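Here's a quick tour for anyone meeting this structure for the first time. Have a look at it, then read on.

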Amino acid sequence: LLNYDRKVLFFCGLNFINRKVNQGKAAFSQKALEWYQFGLYNGLLIENGILNEVTFGNIVTFGCREKAFEWTKDFMEAHQHLLEDAQREDVLTYHLGVWHFYQKDFEAAFSILVNHTFIPAYFLKARLTAIRAVFEQFIVDLGYYDLLKHQIHAFEMALKRSKAFSDYAKKP
């Protein structure tokens with residue numbers, strides 16, 4: 001098959017699997033990781049020397065869901081140079097926080113996510129993941145209550161003041 005035809009077939013299969021995962025069928029998570037690994041190995045995910053940030057994030061997420069932490073860390077290190085320069089630091093920082101979160105290293109995840117100034121595209125999910133990390137700590141130690149309350153309040157205030165997000169984006 002021509003490379004274009006291979007990519008079309010590959011992405012049809014990958015989109016099917018991702019749709020199943022998005023429908024809540026967690027059993028497809030391992031298959032998604034396998035498809036992403038296949039796509040990486042065969043160069044099907046890289047376009048003009050660039051690995052899309054969404055694809056990068058999906059690979060990290062599926063790697064973490066499947067507890068392939070070492071492979072995921074190696075992937076991030078080996079493929080970071082394929083991210084667009086303008087977003088590279090934000091993409092890597094956010095996904096490093098996610099990597100720690102999935103390993104239940106909530107303190108590291110929180111520290112990484114709150115000590116970086118993210119571009120608007122990553123601000124919401126970084127802050128929400130940081131709040132989730134504090135919440136996970138609060139579940140086992142009520143001493144995190146004030147920090148949790150403070151983080152939620154700070155997030156609400158930042159959202160209200162921000163002009164970077166529409167009311168539609170802020171409402172959820």
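R88 and D85 sit three residues apart in helix α5, so about one helical turn separates them. Their side chains meet in a salt bridge, with 2.7 Å from N to O. Keep in mind that this is a predicted model, and that the salt bridge count comes to three.

**The R88–D85 pair**

- The two partners fall into separate accessibility classes: R88 counts as partly exposed at 21% relative accessibility, whereas D85 is exposed, with a relative accessible area of 62%.
- R88 gets its label because 21% is not under the 20% cut-off for buried.

**The E34–K31 pair**

- Here's another salt bridge: the side chains of E34 and K31 meet at 3.1 Å, N to O.
- Both residues lie in helix α2, three residues apart, which is about one turn of the helix. That helix covers residues 28-41.
- E34 is partly exposed, with a relative accessible area of 33%, and K31 is partly exposed too, at 39%.
- How far is K31 from A154, 123 residues apart along the chain? Their C-alpha atoms are separated by 38 Å.

**The K7–E47 pair**

- The side chains of K7 and E47 also meet in a salt bridge, and the N to O distance is 2.9 Å.
- This pair links distant parts of the chain: K7 belongs to helix α1 (residues 3-22), E47 belongs to strand β1 (residues 46-47), and the two are 40 residues apart.
- Is K7 buried or exposed? K7 is buried, with a relative accessible area of 15%, because that value is under the 20% cut-off.

**The largest pocket**

- About 280 Å³ of space lies in the largest pocket.
- Its lining is made up of 15 residues, and T61, Y94, H95, V98 and K125 are the ones that lie nearest the pocket's centre.
- Which elements give two or more residues to that lining? They are α3 (53-65), α5 (85-102) and α7 (120-140).
- α3 gives the most, with six residues.
- Sorted by class, the lining has six nonpolar, five polar and four charged residues.

**Cysteines**

- How many disulfides does the structure hold? The number is zero.
- In general, a disulfide is a covalent bond between the sulfur atoms of two cysteines.
- As for cysteines here, C12 is partly exposed, with a relative accessible area of 49%. That value is not over 50%, so C12 doesn't count as exposed.
- C64, on the other hand, counts as buried, at 1% relative accessibility.

**How confident is the prediction?**

- The protein averages a pLDDT of 93, and 98% of the residues score at least 70.
- Which elements have the lowest and the highest mean pLDDT? Helix α9 (residues 167-170) has the lowest, at 73, and helix α4 (residues 69-79) has the highest, at 98.

Methods. Residues numbered from 1 in each chain as written. Predicted model: local features only at pLDDT ≥ 70, side-chain atom pairs only at ≥ 80, totals over all residues. Heavy atoms only, no water. Disulfide = S-S within 2.5 Å. Buried < 20%, exposed > 50% of the residue type's maximum accessible area, 1.4 Å probe, protein only. 1 Å grid on protein atoms, 1.4 Å probe; cavity = no way out; pocket = protein on both sides within 12 Å on 5 of 7 lines; lining within 4 Å. Points joined across faces, edges and corners; volume = space filled by probe spheres on them. Helix = DSSP H or I, 4+ residues; strand = E, 2+ residues; numbered from the N terminus. Nonpolar A, V, L, I, M, F, W, Y, C, P; charged D, E, K, R; others polar. pLDDT = per-residue confidence, 0-100. Salt bridge = Lys/Arg side-chain N within 4 Å of Asp/Glu carboxyl O.
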